[in-house]
Amino acid sequence: MEIEIVTMNESHVDSVWEIEKALIASPWSKESIQKLTTTDNAVAKVSTIDGKAMGYYSFYQILDEADVNNIAVDSAWQNKGVGSALMHDMIEECKLRGIASITLEVGANNIVAQKLYEKFGFRQEGLRKKYYNNTEDAIIMWRR
Ligand SMILES: CC(C)(COP(=O)(O)OP(=O)(O)OC[C@H]1O[C@@H](n2cnc3c(N)ncnc32)[C@H](O)[C@@H]1OP(=O)(O)O)[C@@H](O)C(=O)NCCC(=O)NCCS
C-alpha cells in the first residue's frame, strides 16, 4: 500500500466527484472539478492509493494569496493522517509559488476540519452568518 500525493488529472475526476458528493453539503459539479485540471491559476492535488484518488485539495492562486476551495478525504480513509498530509503538501505548494497567505471558509459546526486547519497555523479572522444553506455560519480563516 502506497499513498502518494500527485497533481489531479482527468483520470482522477470521477473519484474526486464521488468524494465531493458524499462529503460536501453543496458539492461542486463534475465539470467544475474537471476545470480545475485545466485552469491556469488553479492548483488541485489528490492523495492516491494504488493510483485511485481517495482525498484531494484545491485552491486558486491570486497573486500572493491562495483561496482554498476544498479539502476532503474519503470516509474510509479518514483519521489516518491523509488530511494532514494533504495540508502539509498544500502549504509546501504555496511556498513554492511565493504565496504569502492562505484563506478558507469552514462550517462553524465542522470541528474536525477547524482543528486540522489550526494545527497548520490557520486562525479565525471573520464569520459569514448563515453562509451554508442559509443556516450554518462559515468561519473565515487565514494562514499568514
Ligand atoms: C477534514 C478532513 C479532510 C480531515 O481528513 P483526515 O484524513 O481525517 O485527517 P487526519 O487523519 O490527518 O486527522 C486530522 C486531525 O483530525 C482528527 N480527526 C480525524 N477524524 C476525526 C474524527 N472522526 N473525530 C475526531 N477527530 C478526528 C485526527 O485525530 C487528527 O487530529 P491530530 O492531528 O490532533 O491527531 C476529513 O475529515 C474530511 O474529509 N471531512 C469531510 C469534508 C470536510 O469537512 N472538509 C473540510 C471542508 S472546509
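A residue counts as buried if 20 or more other C-beta atoms lie within 10 Å of its own, and as exposed if 12 or fewer do. Keep that in mind for helix H3. The model is predicted.

Start with the length of H3. At 1.5 Å a residue, its 15 residues should span 21 Å. The end C-alpha atoms of H3 are 21 Å apart, which agrees.

Now look at its two sides. The buried residues of H3 are Val82, Gly83, Leu86, Met87, Met90 and Cys94. Seen down the axis of H3, they fall within an arc of 140°, so they line one face of the helix. The face of H3 turned away from the buried side carries the exposed residues Glu92, Lys95 and Leu96.

What do the buried residues of H3 pack against? Their partners are strands E1 (3-7), E2 (42-49), E3 (52-62), E4 and E5 (101-107), together with helix H4. After H3 comes Gly98, with a positive phi near 70°.

Next, the ligand. Of the 19 residues around it, Ala72, Gln78, Asn79, Gly83 and Ser84 come nearest. H4 supplies the largest share, five residues. By class, the shell has nine nonpolar, seven polar and three charged residues.

Methods:
Residues numbered from 1 in each chain as written. Predicted model: local features only at pLDDT ≥ 70, side-chain atom pairs only at ≥ 80, totals over all residues. Near = placed C-beta within 6 Å. Helix = DSSP H or I, 4+ residues; strand = E, 2+ residues; numbered from the N terminus. Nonpolar A, V, L, I, M, F, W, Y, C, P; charged D, E, K, R; others polar. Expected span 1.5 Å × (residues − 1). Arc of directions from axis to C-beta. Contact = placed C-beta atoms within 7 Å.
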